[in-house]
Amino acid sequence: MTIPNSIAITPELVASHGLRPDEYQRILDLIGREPTFTELGIFSAMWNEHCSYKSSKRWLRTLPTKGPRVVQGPGENAGVVDIDDGDVVVFKMESHNHPSYIEPYQGAATGVGGILRDVFTMGARPIAAMNALRFGAPDHPKTKHLVSGVVAGVGGYGNSFGVPTVGGEVEFDPRYNGNILVNAFAAGLAKSDGIFLSQAKGVGLPVVYLGAKTGRDGVGGATMASAEFDESIEEKRPTVQVGDPFTEKCLLEACLELMATGAVIAIQDMGAAGLTCSAVEMGAKGDLGIELNLDQVPVREDRMTAYEMMLSESQERMLMVLQPEKEEVAKAIFVKWGLDFAIVGKTTDDLRFRILHQGEEVANLPIKELGDQAPEYDRPWVQSTARAALPASQVEAPSDYNDALLKLVGSANQSSRRWVWEQYDTLIQGNSLQRPGGDAGVVRIEHHPTKALAFSSDVTPRYVEADPFEGGKQAVAECWRNIVATGAEPLAATDNLNFGNPEKPEIMGQLVGAIKGIGEACKALDFPIVSGNVSLYNETNGVAILPTPTIAGVGLLPDWQKMAKIGSAKDGDKLIMIGTDGSHLGSSIYLRDILGRIDGPAPEVDLKAERRNGDFVRSTIRNGQVTACHDISSGGLALALVEMAMASGKGMKITLTDKRGPAHALLFGEDQARYVIAVPADLANFVQANAENAGVPFRALGTVSGDRVIVDTLIDVGVADLSKAHEAWFPAFMN
Amino acid sequence: MKSAVVQLPGLNRDRDMIAALTKISGKAPITVWQTETDIADDVDLIVIPGGFSYGDYLRCGAIAARMPIMQAIKDKAEKGVKVLGVCNGFQILVEAGMLPGALMRNSSLKFVCKEVKLEVVNAETDFTRAYEKGQVIRCPVAHHDGNYFVDSETLAGMEDRGEVVFRYADGTNPNGSMNDIAGVMNSRGNVLGMMPHPENLIEMAHGGSDGRGIFASALDVIAATA
């Protein structure tokens, strides 16, 4: 039977597709007639915020994306960076925020699946994953359910697929009560001459559909992700896709096997807006038209309309352009792995995107314009109001430092995330050198005797809220710093920008400020952005999330035997702080979690100091002079020290002689560009002399010894007590 | 000694296993695909690695246990060839009836990946002679369904005959297994199934090499790797 394509286009229908009247007029002007129902769906999929970046594009263009090691910057499925010896690392981070709030397990699982697919679509075998998760207040009625579902979903997909999860973040803040964040990162390894792109080449070649069958799941998902939430949220559950990691694992093996045969000309995974986005992308990039015959698309439900097939976000699907003479080889590989393989169309020379269904042409659109002519907005924005300075003298000291410290290490945001990462397979592939719990995850490169990669994901949303520009800088700097703390050279990063409704000038101002800050820091640190994703409209009933531009970076260790870890200090080692004394308590964890105040500016990031101090720490690690290293971030020096103590199980005796400024600022200040290093006692003077020569500020702190953390007469607390508090919060919360 | 690693859709620690066998014996194992019906005569050790065969969408290992290769493995086992199943491989051996018992969902109902302690209960087997009886070794686990169960009568017999080869030690049982069972073998002593992953603890990069002994024993290269 014939399924009609003749639904009347009304203003209401246009509006329900997330298209504004002026955007609809643009469509009419572009095609010179009223679109069909299927065409309207295609436009709504291509022109929504999620796929078109129409609010952010203008600002994203300002980010540095090039560098001597950058092989492929933004615009493909993932970024590609040279790591010597003909090896490249392929990586990207992407959000799955809206679906994860609606259906946490499947939302998170398909977020992981989507990013893994982005990586292996380019010909890379995934070797590491991370997840930056942000939830509402612990006491919010939905939070436990969301944490439980998201963590199980991330693990359920990644563990079955077989990629180690080596890092990430988990944070709580009431500002995420109505919109949680699930930012999934994946990295893969390929050879520099084995990278596959989405650009189709050659006329009249077969367009092949591979992987799982198409169903009705996820129809309109990308449009949903481009809108705010309200009470009708439960109605959106059918727009969330369902993940099948088993099929994805088979798809990975089949794709890599097929790529090795030389049969693949172009490949694109079906992510947001499925068949529509992938086909348009392949054609438009190759200056070719695409003709699809939907009668050939493998479907798992009856009577699917052209509209549904074009907008389905069913998972684990790929589109390829193949060498025609290798068709049989390709088919045999997919049959072996039990996957669908169907020729669903061909490339043409007319630059049209034509869709045939049951003998009828249901869409015929100009393919280049579908992507290129998407609306682009220069949305009005206002600069965030700067917060007044908050000198340490206006912040009271804790009445009892031991209590404050125990409270911080056992708090919702600073406690151990073991409950989370023990549900992730952190070991699979046998290459994990540093697992979650340290500064960065480290994975060695298979078949290379010494090389390894370091991964970290960071952002401090409370800083971005206080000052989008400094906060944007800080997110980049902290990611860079965490990578440096292992001894790795930071190479490049991916950004995942999560914000509220960009149609509000103050939200747009946060986005603009953060991007400017990210750009400035990336330039100063030679840390280009090679891929990324923007998630806007993270608002519920008009309340936006904290501005959260997550930065995930990759660094290279030429010799992993020389890497530094957080917990490897030995008894008798000297502890040295690299960087200036702590003084900045504005927007700090101490202020928020001990004094209950949200106030004061974000710390400024001196990028010159960041680079100088980081370069010094890295060279000291590589010279084999560092036994343990940890960056100083949230919670300041005090938290960095106790985190090192808990990780090693060893105590320390610290003396803060010659105090400049109040002790609570020295201990809890969140000034940037700082590290704590442990060095063998006989090297301490030498390392300090080197620091002095390099113009790097430092402070000798004390000695690793005993089983208590002792700081002058202020702090004296057992490492076991700290660990107990640190490990207790999460399991108790989830029980 | 020649070894073979079985490959099935959804298994994902096959590469880890191939790397471990290669590093320990100096010789890469052959791989056999699920639809094969024969395994080369000179293979002395067949390993079914871990993963999520067929997604574990049915009972873990249930579909894999019915693939053609399993008949070939049974035939070889009957001839005395050594068979080692790790994690999903253990579940497959149980589903194939080659080992007694069942592996239920972890008592926590969660996937668990962490390091545990294993007591070598029986060091007089083809898989454990590199260890001492009662030795406690470190070993990682990574599974969702490792909670071993068997009826009490069978269990008593297994314990008597030394067929419980590994036990979680020092209170580290991660899944609620009865008698803290981590690994069991058949009565003949040539088929071993275990939930923990010795292949992920065999070298300095892994932070230790406690898992080596199982492969060194099974591959008969104890002296070479000691």
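This is a predicted model: local features need pLDDT of at least 70, side-chain atom pairs count only at pLDDT 80 or more; totals for chains, interfaces and linings use all residues.
Two strands count as paired here if DSSP finds at least two bridges between them.

I looked up which strands pair with which. In chain A, 6 strands make an open sheet, and their order is E14-E15-E16-E21-E17-E18. The pairing in this sheet is mixed. I then looked for the edges: they are strand E14 (432–434) and strand E18 (529–535) of chain A, each of which pairs on one side only. From one strand to the next, the twist averages 20°.

As background, I noted that strands of a sheet pair through backbone hydrogen bonds, either parallel or antiparallel.

**Entry: one pair in detail**

I picked strand E17 (residues 489–498) and strand E21 (residues 548–557) of chain A. They pair in the antiparallel sense over 9 bridges. Within this pair I found A:Ala492 opposite A:Val554 of E21(A).

**Entry: helices across the sheet**

Which strands does helix H18 of chain A lie across? I found that H18 (residues 468–484) lies across strand E16 (452–458), E17 and E21 of chain A, and runs at about 25° to E21(A). Helix H19 (residues 505–524) of chain A lies across E17, E18 and E21 of chain A. H19 runs at about 175° to E17(A).

**Entry: where chain A touches chain B**

I looked up the contacts between the chains: 22 residues of chain A are in contact with 23 residues of chain B. On the chain A side, the elements giving two or more residues are helix H8 (143–161) and helix H10 (245–260). H10(A) gives the most, with 4 residues. I sorted the residues on this side of chain A into 8 nonpolar, 9 polar and 5 charged.

Note on methods:
Residues are numbered from 1 along each chain as its sequence is written. Chains are lettered from A and ligands numbered from 1 in the order in which they are written. Axes are lines fitted to C-alpha atoms, for helices over the stretch in contact, and angles run from 0 to 180 degrees between N-to-C directions. Two residues are in contact if their C-beta atoms, placed from the backbone, lie within 7 Å. Ala, Val, Leu, Ile, Met, Phe, Trp, Tyr, Cys and Pro count as nonpolar, Asp, Glu, Lys and Arg as charged, and the others, Gly among them, as polar.
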